[in-house]
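Work through the exercises below with the model open. Try each task before reading its solution.

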Amino acid sequence: MQWDKERQSKQERLSEAASLANGKVVATEDIVPLLERIVHPYDKVVLEGCNQKQAAFLAKALTEVDPAKVNHLNMIIPSISRDEHLNLFEKGIAEELNFAFAGVQSLQLSKMLAENKLRIGAIHTYLELYGRLYVDLTPNVCLIAADKADRHGNLFTGYNTEETPMVTEAAAFKNGIVVAQVNEIVETEELPRIDIPGDWIDYIVPADEPYPMVPLFTRDPAKIQDAHILMGMMVIKGIYAKHHVMSLNHGIGYNGCAIELLLPTYGNELGLKGKICTHWVLNPHPTLIPAIEDGWVKQVCAFGGEVGMEKYTAARPDIFFTGRDGSLRSNRAAAQVAGLYGMDLFLGGTLQMDYAGNSSTVTNGRLSGYGGAPNMGNMSGGRRHVTQAWKDMAPGNGSMISGRKLVVQMVKSASKFGPAFVPELDAVKIGRDAGMDSVPVMMYGEDVTHVVTEQGIAYLYTAHTPEERGKLMGAISQGTPLGDTVSAEELKKFREEGRVALPEDLEIDPSRATKDMLAAKSLEEISEISGGLYEVPESFKKK
């Protein structure tokens, strides 16, 4: 029995490519020939595509290989966000895609799937995808991005480490080949710190330009609507204060940012500082700065970085995890684990919910994927430590279950696209037509504990059946088809029982829900509050 076939395969590939490398260093112009020698047909290939940091140079190079030499690849790309990611399938280089999030490529991905130009292995959560790298999707080749490297392959991934260590280790310790594009090659002593040791890395190549970064988690307070502010006030008083929520995550969107900007104003008015929202699992949102500066926040565990926040995170080491060099150390996998098991509450928005509370970002013509939302937005069956918020969710029926995580979905009851609550999710038909083995649901209704609309809060954790969940959601979506199923008597009863809360039940005056309630009304104001440490990204600066 031969026990080292994978190791021998790696050595053969390295030997084939030996003439193209000077030690571990490959010239920029030699990257395509290198890939043609180390990537074989039917390989499983990780291409780093974080939410923000992209191995763009390597992505483009892979699209330029000869499809006669490199084909039938199974591409593992956590976040599909560049044209090159899908061009691999257009050119016949790749055939299967495993991913977690699609973002701006969601429309094209949906179109290509309908045209049978690619096969989707699965739409994953981030943790699920990372986990499979150590089970049945272990990569033959891993293509990553870093800020700096020395000639020995030691990497400084810097402010935006994100998923790099997790995907690299899966290849490096299972005879895979790891190639890192870097912005700069420096002497060892010039590396600010070593984030990934050189013996994990086979090749480093200077990219033709620095890897791109976008301010993905920046939301301009000027675009926050009064409805977001009203919902934020209800969340603070009717959920965070009610359940003593200390640790939490906010998903991307204006709803969460409104809450962050209400803490130093409305939160102080309610006397809640130190009683809620002290520990966060969160990308460094600029809109959290006023709360940090006002003393609300004790600690932030970051999935990734955010453009413009580099100096601020470095100047607040008591709040953020930072390296010896002072810069942020982000870690997407570690933050997902923290979100799954370490925090009290996940709050996010959604595009569509059915009458049982299931929701999905997979809608007609759009295949967005899930990212990490399902990891953070579920009941965390493995958790055993108890907090007050956790205990508040206990079934109370004699069960030994001590509680559950709070999962809050925020959505306007209706928009220009129609009611937010629908009898059946678009995802049902999309999954069926695509031949998927299961419906691509982002959040299951039984995991959701609260739904918030501009009309009020539905405490879904008090429901015992899917039908009850529908009734509670209908109570806060009056004027919609679902709302019409709830009579005035039922609504009155739900309010009296505390299973639904409208603004007046929480003693909130909707007329106060204006931008005057926010701690900052623009990104420029946030920069001033930070003492100039936060630098507004160019794309957000007022022209």
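**Exercise 1.** How many helices and strands are there in the chain?

Solution. The chain has 18 helices and 24 strands. Helices (H or I, at least four residues) and strands (E, at least two) are DSSP runs, numbered from the N terminus. The model is predicted: local features need pLDDT of at least 70, side-chain atom pairs count only at pLDDT 80 or more, and totals for chains, interfaces and linings use all residues. Residues are numbered from 1 along each chain as its sequence is written, and side-chain values use heavy atoms, with hydrogens and water left out.

**Exercise 2.** Find the buried residues of helix α2 and say where they lie on the helix.

Solution. Start with the cut-off: buried means under 20% relative accessible area, exposed over 50%, partly exposed in between (1.4 Å probe, protein chains only). In α2 (residues 31-38), Ile 31, Val 32, Leu 34, Leu 35 and Ile 38 are buried. Looking down the axis of α2, these residues fall within an arc of 160°, so they line one face. The arc is taken from the directions from the helix axis to the C-beta atoms. Recall the geometry: an α-helix has 3.6 residues a turn, so residues three or four places apart point the same way. Next, the cover: it includes α1 (5-17), α3 (56-63) and β7 (141-149).

**Exercise 3.** Is Val 135 buried or exposed?

Solution. Locate Val 135 in the loop between α6 (126-132) and β7. Its relative accessibility is 66%, so Val 135 counts as exposed. For the chain, 57% of the 543 residues count as buried.

Note on methods: Contact means heavy atoms within 4.5 Å.
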